[in-house]
Amino acid sequence: MLIVEEMFLLLTKDHGAAGRARKYRRYGLAAATLADLAELGTVEIAREGKDPQVTVVRAGMTGHAPLDAVLPALDAMSGQKISTLVGRSQLNPDTAVGQSLARQGIVTEESRLLRGPRFVTSSPAPEIALRERLGQVLAGDRQATLAEATELGLLKALNVAHGLLGPARGQLNRRELPRRIEEIAQGIPVVEAVKRRVDPFTASTMATVAANAG
């Protein structure tokens, strides 16, 4: 399963709602898409710089519908910084990912009047297995794959790791969990890109709350 498909399952409630990450969901899905494309060799993420450029290096489709859905737009953006790409609405694969999972029988697509489709979980087994693997990684019982490290890092960058991981976080508390994920996902470009996108908003919100409290 693609990284972006697994992120979709983690970020979507069983009844189809966007869940805790609603505000920044598209950043996580766009970042996961770039991670998949980099792993396939379709794009290249520069190794230098804190906010590296992403370049399309292979022409044609990948054969994966969620990735192919964003490739035409990404072709025109080749060479832009990764944090910029993560924020581009044209690179949000949300509906394409849901439809891909529907074809696999994992979710069911439901149409909504004047709104985009909703995807309701019909087969929970893949997400259950994913959460078990992530729990094993967090506990140190298995070495993280690049996909698992990326997924954990993105959940942390979106500030939803503690709530969304639930029992998978084991005995790790709110302080220990971010530290553990940082150990696992350190230096992954798409994770750093989402941090750049989300952190300014988080800081602004905290400042507003503090001002109101005063």
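Is Glu-192 buried, partly exposed or exposed? In this predicted model, where local features need pLDDT of at least 70, side-chain atom pairs count only at pLDDT 80 or more, and totals for chains, interfaces and linings use all residues, Glu-192 comes out as partly exposed at 26% relative accessibility (buried is under 20% relative accessible area, exposed over 50%, partly exposed in between, with a 1.4 Å probe and protein chains only). Residues are numbered from 1 along each chain as its sequence is written, and side-chain values use heavy atoms, leaving out hydrogens and water.

Glu-192 pairs up with Lys-195 in a salt bridge, the closest N and O atoms sitting 3.3 Å apart (a side-chain nitrogen of Lys or Arg within 4 Å of a carboxyl oxygen of Asp or Glu). Both residues belong to helix 11 (residues 189-213), three residues apart, or about one turn; helices are DSSP runs of H or I, at least four residues, numbered from the N terminus. Lys-195 counts as buried, at 14%.

The structure has 10 salt bridges. In one of them, Arg-133 meets Glu-6 at 3.0 Å between the closest N and O atoms. Arg-133 lies in helix 7 and Glu-6 in helix 1 (residues 3-11), so this pair ties together parts 127 residues apart in sequence. Glu-6 is buried at 9%, while Arg-133 is partly exposed at 23%.

Neighbours within four places aside, Leu-130 is in contact with Glu-6, Leu-10 and Glu-151, contact being heavy atoms within 4.5 Å.

Conventions
Helices (H or I, at least four residues) and strands (E, at least two) are DSSP runs, numbered from the N terminus.
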